[in-house]
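Subject: the structure I promised

Hi,

Here is the structure we talked about, sequence included. Have a look at it first, then read my notes below.

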Amino acid sequence: MDPIKNLQQAIASITIWRKGEQRAPHKPLLLLYVLACYQHGHSRLFDYGSEIRDNLHGLLERFGPQRAQYRPDMPFWRLQADGFWELQNAERCSTSGSSRQPPAGELVEHHVAGGFDEQHYSLLIKSKTLINSLAQQILEAHFAESIQEELAEELGFNLLQIRKQRDPLFRQQVLRAYNYQCAICGFNLRHDNASIALEAAHIKWKQHGGPCEVANGLALCAIHHKAFDKGSLGVDENMRVQISSAVNGNSIVSRLFWDFSGVQIQLPMQKENYPQANYIEWHTREIFRK
Ligand SMILES: [Zn+2]
């Protein structure tokens, strides 16, 4: 089999630890970080303690779901099972020879290093195009579109184009159900008959099985859509707007965000089009950041 196809396939099928419907972007974020470094000429292996731990922790804090604790050691160790990732000095850890993961401190203490194996690393350093296409593949599989753009920009990937794969019917049905205005602020700019900067947001991300149905949609202006995908704002079980305590800015930000805190969103006319409770719960748990 073509080694490049092989690698694409292996990355597409990385095993993601899932508990119920929890989002666990640990392996995707680690791979993106490593690919970004390869693009700038990094050598094959990364020392866990000095290169991975803090950087991946920071990415998990910002792009993962809000958790009491983050575990950057988990993907670093567990990627070994996915067919392209190798560790050095792993045999020095107390769990050597078993499938168990050693305590995170041992990765630092024994200078465990990890990265793509020789075969795949040699493909990657030869081709920035390959690095970028793998990065795009990972972003599309695990993150909402607005977050794909943000991560690509931060890590320095050139995406061909964020692929808009969504059902055009979804956009049309959602905007119509919400009377062509933002469910939060009522924004409804039109240029003649065309709505400008008004978008159909998925409440539960497509990447996590959220369907393209009105009950999983919200019509939002571009600003509230971006903030909704980022977890800066959410909606509670009574359809009231919740603002993350992390949101700050000047008076225009207050007007766009804090003025709507606790205010009910503008709901569709028909009850069957209301956001469905299980999608709202998923967003509150996995995306919204109190
Ligand atoms: Zn809005």
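Before the sheet makes sense, one convention: two strands count as paired if DSSP finds at least two bridges between them. Also keep in mind that this is a predicted model.

With that in hand, take strand 1 (residues 46-47) and strand 3 (residues 113-116): they are joined in the antiparallel sense by two bridges. Within strand 3, the residue facing Asp47 is Ala113. Strand 3 also pairs with strand 2 (residues 85-88), again in the antiparallel sense, over four bridges. There, Leu87 has Gly114 as its bridge partner, and Glu86 stands opposite Gly115. Put together, you get an open antiparallel sheet of three strands in the order 1-3-2. Strand 1 and strand 2 are its edges, each pairing on one side only.

Gly114 deserves a click of its own. This strand 3 residue is buried, because 25 other C-beta atoms lie within 10 Å and the cut-off for buried is 20 or more. Leaving aside residues up to four places away in sequence, Gly114 touches Leu45, Phe46, Tyr48, Phe76, Trp85, Glu86 and Leu87. If you want a sense of scale, Gly262 is 148 residues away from Gly114 in sequence, and the two C-alpha atoms are 47 Å apart.

In soluble globular proteins, nonpolar side chains tend to be buried together. Here the largest nonpolar core has 39 residues, and Leu29, Leu30, Leu32, Leu35 and Ala135 have the most contacts inside it. Two or more residues each come from helix 2 (26-39), helix 3 (48-63), helix 4 (73-78), strand 3, helix 7 (128-142) and helix 8 (145-155). Helix 2 gives the largest share, eight residues. As for Ala135, its contacts beyond four places in sequence are Leu32, Leu35 and Phe157. There is also a second, separate core of 27 residues, with Ala177, Cys182, Ala219 and Cys221 among them.

Which residues of helix 12 (residues 277-286) are buried? They are Tyr279, Ile280, Trp282 and His283. Looking down the axis of helix 12, the buried residues fall within an arc of 160°, so they line one face of the helix. Strand 8 (233-235) is part of what covers the buried residues of helix 12.

Last, two backbone angles to look at. Asn179, in the loop between helix 9 (168-177) and strand 4 (190-191), has a phi near 55°, which is positive although the residue is not glycine. Asn179 counts as partly exposed, because it has 13 C-beta neighbours inside 10 Å. Asp192 sits in the loop between strand 4 and strand 5 (194-195), and its phi, near 50°, is likewise positive in a residue other than glycine. Asp192 is exposed, with 4 other C-beta atoms within 10 Å.

Cheers

Terms used
Residues are numbered from 1 along each chain as its sequence is written. This is a predicted model: local features need pLDDT of at least 70, side-chain atom pairs count only at pLDDT 80 or more; totals for chains, interfaces and linings use all residues. A nonpolar core is a set of buried Ala, Val, Leu, Ile, Met, Phe, Trp, Tyr and Cys residues joined through C-beta atoms within 7 Å. A residue is buried if 20 or more other C-beta atoms lie within 10 Å of its own, exposed if 12 or fewer, and partly exposed in between; C-beta atoms are placed from the backbone. Two residues are in contact if their C-beta atoms, placed from the backbone, lie within 7 Å. The arc is that of the directions from the helix axis to the C-beta atoms.
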